[in-house]
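Please open the structure in the viewer and keep the selection tool at hand.

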Amino acid sequence: MRKAGTVVLILAVAALFSWGQNLENAGIDYTTALQKKPGSERIAAFEAYIKNYPNPAQNVFTKLAYYWLTVDNYNSKHFDKAIRNGEKAVALGGMEAKLEAGLYLILGSSYGAGNNKDKALQWADKAVAFAQKNGIGDIAKQAQALKNELSGGGRKPARELTSLEKIGVLYNAKKYGEAIALYNSFGQNDKNDEKIFEIYARSLMKSGKLDAALNEFSDAYAKSKKGINAERLGNIYLAKAERDKKFLDNAIVYQLEAGLLYGKEKNGKRRDALMTNAKYWLYEKYDYNNKIKKYNASVKPVKAAPSNEKEISRLQFEYNKLERELARKYQDIEMPMYEQDKLDAIQAKINELKKGANAPANDPNAALAQELEKEKVRIEAEFKSLNDQARKRLGL
């Protein structure tokens, strides 16, 4: 458990110091027991804890001790002990919804493993209803699957939770350290399961173990060049970049590779999203997004250039009028050049006025805007170069 979690437990004990001197170390002892190796070692630690702190009305951690005894006994296939501790934990109440839903599911599965179909169905029904009511989708789905199997008229024996379901229960309960420990206890076949590995890797990230997650995903990516594996690596490097911006380079590279691989996998939606993300973080690397934001916030309004439309209309009228007069005057003979010069002079004034109307007024923001545009062109060129390099690496 992370050090911050220990501090929370110590504070909780301090807030309830009025329980008496014998409860002074209840939180610390609970944390110590929880950090034991899952299985027989932690079962012994929590059994000893309950003997030392038997009154759940005085000590909230006693309730949680029964919860972990249920989980560890179930995973160790001591189904009778899992049932005894689980029903005790349910009777005490006051647990988070995800933990309570997980208990119902474990109790249903434990009774099923003991061939007590009626009890198993009761707990499976309760798990389905409670999980649906509280929006815990994964547990609701697993409980419904257990219920369906139990309701099969005895054609199939009741089963215990699969490895995926076990680690899923822990992850949904936000017990990331326990999910990691459970994964490490699995055989190689379970560890090779993509869904189980996904939960394990997410647990590593949720618990702040970024370097461990990085090693796991790097191995996975080396074995399988898939968009999802590259995207995961990009996300890990983004998390590391929150502490040190130098990791943005790695994040951008893996997001680019993810986008290209998604394109190869015919997943256009993820391809576009990852390419957009990669470009955004490249801009972020140079603080360009913030520069644009500041520019837009501080830009001074520019006075519009004066309109020349009125004078242009007057000259056009004059031009048309003169053109008609000259046409009548020189119907049968060729018009002299000096007369054409008059028309050309008016047209030149019109052209000049039109050119001036389109010219921007003196813009005090022009220099900064030009500088930002140059930087954008440079970043876009770098993005193209990174994209080309990624394609070459991936053989695309």
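What is the volume of the largest cavity? In this predicted model, that volume is about 60 Å³. A search of the whole structure returns one cavity of 30 Å³ or more.

**First stop: the cavity lining.** Select Val71, Tyr74, Asn75, Ile106, Leu161, Glu165, Lys166, Val169, Leu170 and Leu182, which line the largest cavity. By class, the lining comprises seven nonpolar residues, one polar residue and two charged residues. Next, display helix H4 (60–75) and helix H9 (163–172), the elements that each give two or more residues to this lining. H9 supplies the largest share, namely four residues.

**Second stop: the main core.** In soluble globular proteins, nonpolar side chains tend to be buried together. Turn now to the largest nonpolar core, which has 98 residues. Select Phe46, Tyr49, Tyr67, Trp68, Leu105 and Ile167, the residues with the most contacts inside this core. Then colour helix H15 (residues 248–264), which contributes nine residues, the largest share of the core.

Which residues does Phe46 touch, not counting residues up to four places away in sequence? They are Tyr30, Ala33, Leu34, Ala65, Trp68 and Leu69. Of these contacts, Trp68 is also listed among the core residues with the most contacts.

Move to a separate core of nine residues. To locate this second core, select Ile312, Tyr319, Leu322 and Ile350, which are among its members.

Key: Residues are numbered from 1 along each chain as its sequence is written. This is a predicted model: local features need pLDDT of at least 70, side-chain atom pairs count only at pLDDT 80 or more; totals for chains, interfaces and linings use all residues. Side-chain values use heavy atoms; hydrogens and water are left out. On a 1 Å grid over the protein atoms alone, a cavity is a set of points where a 1.4 Å probe fits but cannot get out, and a pocket is an open set with protein on both sides within 12 Å along at least five of seven lines; lining residues have an atom within 4 Å of a point. Grid points are joined across faces, edges and corners, and a volume is the space filled by probe spheres set on the points. Ala, Val, Leu, Ile, Met, Phe, Trp, Tyr, Cys and Pro count as nonpolar, Asp, Glu, Lys and Arg as charged, and the others, Gly among them, as polar. A nonpolar core is a set of buried Ala, Val, Leu, Ile, Met, Phe, Trp, Tyr and Cys residues joined through side-chain atoms within 4.5 Å. Buried means under 20% relative accessible area, exposed over 50%, partly exposed in between (1.4 Å probe, protein chains only). Contact means heavy atoms within 4.5 Å.
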